[in-house]
Amino acid sequence: MSARTMPWITLFSPGQSPPHVTIAARTADGPCVAYLGMGAAGNYVKMVHNGVEYGDMQLIGEAYHLMRTLGGLTNAQIGAVFDRWSQGPLASYLVEITAAILRTKDAAFTADGLPAGAAAAAGGGAEADRADLVDMIKDSCGSKGTGKWTVQEAAEQGVAAPTMSAALEARYLSSLLSERQRAVGRMPFRPASATVRIFSPMLAIARGFLAIACAWAPSTAALGARLIGWPLITAGPCLVDDLEQALYSAKLCSYAQGLALIQRAADAKGWDVDLAELARIWKGGCIIRAAMLDEIRAALRTRKALSDSILHGGVLRAHLDVRQAGWRRAIMRAIEHGVPAPALSSSLAFYDTLRQPRLPSAALIQAQRDFFGGHTYERVDRPGSFHTLWKL
């Protein structure tokens with residue numbers, strides 16, 4: 001739709017402008033047109049845009065899955081949540097269309113599975129009786145290849161892109177529809193044995209108190225829920241609040257991965273890509289346009305080195321710091337209940353890895369590589385490459 005109306009445009013040379021400015025999308029910061037480098041730079045940036053798009057869509061899908069499965073919310077209720085999110089920090093095209101999708105009724109069938117035409121002829125078939133269209137769509141994702149290319153290029157450039165990789169793999173797993181259906185009875189879910197069991201009337205009372213507490217003091221309510229067996233208390237505003245924090249944080253990590261890949265490729269190929277300018281033109285006319293791009297653009301302008309992640313400092317680091325508790329709770333609940341959330345969890349692993357001063361796992365892997373392959377290793381106390389004659 002953006003391409004047919006008002007798209008974002010990358011130029012092949014700095015001198016191009018007048019006709020492109022006329023047809024391009026426009027925001028408060030000007031037309032979404034920029035020269036991003038010579039040769040294939042613009043095509044490369046578009047490819048990575050689509051990889052970020054894969055991650056964004058999967059993250060939103062996981063939030064929807066958790067609200068539907070753990071929260072017990074209807075499509076209409078979740079649509080209202082996305083509507084609210086689209087007015088705040090999570091404002092974006094994909095969040096906006098998700099709300100619209102969840103409001104859309106099936107034109108062909110009612111919620112009872114009857115053809116809408118027959119129901120209408122019988123005096124029924126009102127809009128409220130129609131099935132939610134999203135529930136009638138086969139749960140097997142397709143792809144056109146740009147997400148795969150982005151993940152392949154990230155591996156080629158040696159750039160970590162776990163959010164995009166998880167999103168791509170989730171699409172492949174979704175296509176295993178018959179295998180997933182056969183596995184239902186063969187691979188049963190076993191909840192954690194440490195979960196505290198609560199007598200059902202007490203659980204109902206606890207849910208009521210927690211629903212009230214979440215509205216006034218989510219962090220205090222979350223602590224109380226964990227003390228009495230958090231896995232059993234999942235519905236209501238606490239879950240939605242945690243998912244809002246998780247979605248924002250993970251989306252930010254997805255953008256960071258995509259921008260890091262573009263920077264690495266630009267360095268390798270000699271492209272003079274202005275990432276702050278790229279963030280500006282991504283604000284309109286594209287699928288991943290989002291309010292957070294304003295702060296991403298500011299972070300790109302103020303970073304001390306081109307190799308610095310946008311997550312290292314300033315406002316974005318502060319955003320992640322205050323949101324990580326809810327992010328972690330959302331993922332813990334998904335794990336405790338056996339609900340897949342690969343993009344949300346891999347984004348958190350990306351964030352946690354970035355802030356580790358030392359990775360013992362990496363040191364051990366280097367030792368293993370030297371043990372079986374003589375690949376050598378470096379030491380922390382002096383320069384050079386070293387090899388050990390290891391013994392079993």
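Mentor: Tyr-377 has a relative accessible area of 16% in this predicted model, and since buried means under 20%, Tyr-377 counts as buried. Trp-390 is partly exposed, because its relative accessibility is 35% and that class lies between 20% and 50%.

A pair of aromatic rings is described by the distance of the centres and the angle of the planes. The rings of Tyr-377 and Trp-390 have 6.5 Å between their centres and 55° between their planes, and the pair is tilted. Tyr-377 belongs to strand S7 (residues 377-378), while Trp-390 is in the segment after strand S8 (385-386), so the pair ties together parts 13 residues apart in sequence.

These two rings are members of one aromatic cluster, made up of Phe-371, Tyr-377, Phe-386 and Trp-390. A charged residue also comes in here: Arg-379 lies over the face of Phe-386, 5.8 Å from the ring centre.

For the whole protein, the count of aromatic pairs comes to six. Another of them is Tyr-44 with Trp-271, which is edge-to-face because the centres are 5.3 Å apart and the planes stand at 65°. This pair links distant parts of the chain, 227 residues apart. Tyr-44 is in helix H2 (residues 41-69), and Trp-271 is in the loop between helix H11 (237-269) and helix H12 (275-281). Both Tyr-44 and Trp-271 are buried.

There is a second case of a charge over a ring: the charged end of Arg-171 sits over the ring of Tyr-54, 3.7 Å from the centre of that ring.

Helix H2 turns up again at the largest pocket, where it gives the most to the lining, with 10 residues. In total, 43 residues line this pocket, and Gly-61, His-65, Asp-139, Cys-141 and Ser-174 lie nearest its centre. Besides H2, the elements giving two or more residues to the lining are helix H4 (93-103), helix H7 (162-174) and helix H8 (177-183). The space in the largest pocket is about 1,900 Å³.

As for the setting, the protein has 16 helices and eight strands. Of its 392 residues, 44% are buried. Among contacts with a separation of 6 or more, 67% are between residues 24 or more positions apart. The accessible surface is about 20,800 Å², and 60% of this belongs to carbon and sulfur atoms.

Technical notes:
Residues are numbered from 1 along each chain as its sequence is written. This is a predicted model: local features need pLDDT of at least 70, side-chain atom pairs count only at pLDDT 80 or more; totals for chains, interfaces and linings use all residues. Side-chain values use heavy atoms; hydrogens and water are left out. Helices (H or I, at least four residues) and strands (E, at least two) are DSSP runs, numbered from the N terminus. Buried means under 20% relative accessible area, exposed over 50%, partly exposed in between (1.4 Å probe, protein chains only). Contact means heavy atoms within 4.5 Å. Accessible areas come from the Shrake-Rupley method with a 1.4 Å probe; for residues, only the protein chains shown count as cover. Rings of Phe, Tyr and Trp (its six-membered ring) pair if their centres lie within 6.5 Å; planes under 30 degrees apart count as stacked, over 60 as edge-to-face and the rest as tilted. A charge sits over a ring if NZ of Lys or CZ of Arg is within 6 Å of the ring centre and within 35 degrees of the ring normal. On a 1 Å grid over the protein atoms alone, a cavity is a set of points where a 1.4 Å probe fits but cannot get out, and a pocket is an open set with protein on both sides within 12 Å along at least five of seven lines; lining residues have an atom within 4 Å of a point. Grid points are joined across faces, edges and corners, and a volume is the space filled by probe spheres set on the points.
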